[in-house]
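Trainee: I want to learn how to read a few features of a model. Can we go through them one at a time?

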Amino acid sequence: MSDILIAVLRSGTPLIYVALAGMLAQRAGVWHLGLEGLMIAGACAAAVGVEQTGSVAAGLALAVLVCVLGSTLLWFVVEKLRANPIIAGLGLTGLGLGGADLTVQSIYGSEASVTAGAGLPRLGDAFGAFGVLSVLVAAMPVVVLLLWVLLRRTRFGLRLAACGEHPFAARSVGVAPSRMRLIALMGGGVLCALGGAELALGTLQLFSNNMTAGRGFMAFAAVIFGGGHPIGSALAALFFSIVEAAGIKAQLVFGEKAPRDLLLALPYLATVIGVWISGRLRGGLKAAASGGELRDN
Amino acid sequence: MSRYQSSAPTSTALLSRRHVLQGSAVLAFGAAGLSSSGARAAGGLVALVHTQAAGDNGPVDSMIAALKRLSSEKGFTMRAIYAQDAATYESIFRSLGDAGAAIVVSTFNEVADPIKAVAPSYPKTKFIQLFADPFQPAIPNVETVGYDYYLGCYLSGLFASRISKSGKIGYVGGMSLPALNADLNGLKAGAAAANPAIAVTGAFAGSFQDPAKGQEIASQMYQSGVDYIQTDSAATDTGIIQAANEGSGRMVSAIAKTQYKLGPKTVAAIVKLDFGLSLYQEVSKALEAGWIGHHLPTGIDTGVVDFELSDVFLKEGPADLVAKAKTIWPEIETAKKAIITGTVKVPLNTTL
């Protein structure tokens with residue numbers, strides 16, 4: 001049982017961090033489709049940073065810097081250049097994927113992968129079988145809880161929600177929605193960096209092109225599935241990881257009897273079903289259909 | 001460093017990426033500095049159009065290195081062009097034909113249709129497709145090269161069956177494609193030949209570039225008692241080797257010698273497919289007068305496809321497993337000879 005739990009936590013943690021980033025943006029009124037790009041950028045920067053400096057802290061810092069800059073760019077394009085946030089987010093995803101390829105190629109003359117040589121600190125023997133997990137896995141529930149407190153129990157959180165739901169009302173009481181969105185997106189950048197770093201340095205200690213493999217989009221789906229709630233989004237991301245682990249298990253157990261392609265598609269099928277259920281329960285589809293942006297002027 | 005690449009990408013990430021990077025292959029092609037003057041340099045132009053990224057420590061790097069070596073030996077101009085997007089393959093081949101390229105080499109099944117579309121229009125350009133099925137009908141200026149990789153997997157299965165302590169072995173492929181299905185079936189046949197009671201578990205990651213998924217699958221396999229995994233999934237392999245490194249008594253048979261360093265104590269062997277050697281051999285032949293296009297099946301008697309024990313593992317692996325591997329190896333050599341002489345027939349089965 002602990003083996004399955006470890007597998008779920010290992011695959012779910014990067015997804016949860018990135019889903020939290022999407023949730024922050026969504027609370028501020030931005031449907032963040034750049035999560036995939038920021039995640040791959042974070043993974044690439046973390047691995048390159050560690051490989052170049054030998055320091056995991058430096059790798060993490062570089063990942064945070066890159067992702068925050070990417071988030072700021074998204075904010076600038078959406079808020080200052082008045083671009084549609086969904087299109088801008090997709091552009092950011094393309095920039096992240098292409099930029100990571102270009103970075104690896106220009107630094108190493110290689111187009112495929114970077115071996116970091118070191119990874120995030122592990123929990124260690126004191127945690128028994130869970131000792132193989134990284135410290136970011138242990139930090140994840142704390143981050144979820146802190147975000148819940150921040151969004152639900154502080155003035156900042158209420159203002160952020162107001163900016164997302166009723167920007168006109170927020171502006172009428174002196175809150176600048178644009179600034180709040182910048183803060184939310186930058187915070188999301190930090191979380192994407194952590195998600196990317198966990199993916200690249202958690203246990204693998206390497207970066208490989210396209211290694212996010214659609215996880216950023218699944219994180220976006222988790223935000224919708226989770227109703228834009230920090231705990232809901234985290235649980236949704238965890239659910240996707242459980243389905244993925246179950247899909248692998250099903251392949252190993254029923255691989256000879258069931259169509260393998262169907263078993264491989266299980267996580268994506270669960271994503272679609274999850275989003276559909278969420279839409280039915282929370283009116284998420286209606287919100288998405290509105291164009292994905294809330295303008296206050 | 002995949003041997004294979006799906007012609008139908010399934011990832012949503014790939015979908016979005018395609019839009020953004022639509023013209024990148026064409027731009028890369030232009031940046032390569034291809035010109036008609038270069039094309040008409042001494043010995044003509046020989047171009048390698050690779051559909052997977054270089055820097056893979058595997059097939060693409062070995063092909064580029066082999067082409068460079070041959071270029072310096074024979075005095076022709078060479079270009080290596082990375083074609084990322086399937087939509088650009090045909091235009092790249094056509095541009096090379098227009099530039100008067102003498103030989104165009106490319107890889108994997110996804111370039112088959114573009115070559116079929118372009119080759120008849122450029123009869124003076126010789127096209128070589130590595131890792132290909134035969135063209136029906138054949139085209140006079142096209143050589144297709146197939147590899148009996150499944151025979152290497154058969155030998156790996158034989159070896160695994162003998163060295164496994166648990167009696168459970170595994171296989172992790174990138175995607176369920178006919179060629180990879182044949183590899184899994186080859187592994188099963190080899191394992192069963194040595195021990196009919198052996199349990200073989202097969203799984204596919206759904207991607208050749210997802211080491212995290214590879215690690216998850218391999219971890220679950222090892223936890224279920226499997227102690228030997230044959231990889232067949234390119235960059236995803238790295239995660240499988242990482243999972244092997246996390247426990248004792250776990251072994252991997254990988255696909256390239258460059259993977260030895262990733263698991264010196266766990267990567268016991270490789271089922272090798274030397275693309276560089278294959279390219280060197282076929283381009284050398286195509287440079288000769290009288291070359292005519294054909295299909296070339298490549299077996300384990302050519303040195304291109306083989307099953308090899310890791311010299312790094314023999315030095316650094318667990319003593320008991322190393323000793324056992326050395327004891328088993330003569331049997332593998334005997335089986336290899338039997339396949340080459342035809343005494344042992346390994347069926348090619350591409351369905352699961």
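Trainee: How many residues has helix α2 of chain A, and how far does it reach?

Mentor: Helices are DSSP runs of H or I with at least four residues, numbered from the N terminus. The expected span is 1.5 Å times one less than the number of residues. Helix α2 of chain A (residues 35–53) has 19 residues and reaches 26 Å from first C-alpha to last, close to the expected 27 Å. Just after α2(A), A:G54 takes a positive phi of about 80°.

Mentor: A caution on the source. This is a predicted model, where local features need pLDDT of at least 70 and side-chain atom pairs pLDDT 80 or more, while totals for chains, interfaces and linings use all residues. Residues are numbered from 1 along each chain as written, chains are lettered from A in written order, and side-chain values use heavy atoms, without hydrogens or water.

Trainee: Is α2(A) mostly covered or uncovered?

Mentor: Buried means under 20% relative accessible area (1.4 Å probe, protein chains only). In α2(A), 16 of the 19 residues are buried, so the helix is mostly covered.

Trainee: Is B:S278 buried or exposed?

Mentor: B:S278 lies in helix α11 (residues 275–287) of chain B. B:S278 counts as buried because its relative accessibility is 1%.

Trainee: What does B:S278 contact, beyond its neighbours within four places in sequence?

Mentor: Contact means heavy atoms within 4.5 Å. Beyond those neighbours, B:S278 touches B:L130, B:V145, B:Y147 and B:V304. The side chains of B:S278 and B:Y147 also form a polar contact of 2.6 Å (N or O atoms within 3.5 Å, one able to donate a hydrogen and the other to accept it).

How values were computed:
Helix = DSSP H or I, 4+ residues; strand = E, 2+ residues; numbered from the N terminus. Buried < 20%, exposed > 50% of the residue type's maximum accessible area, 1.4 Å probe, protein only.
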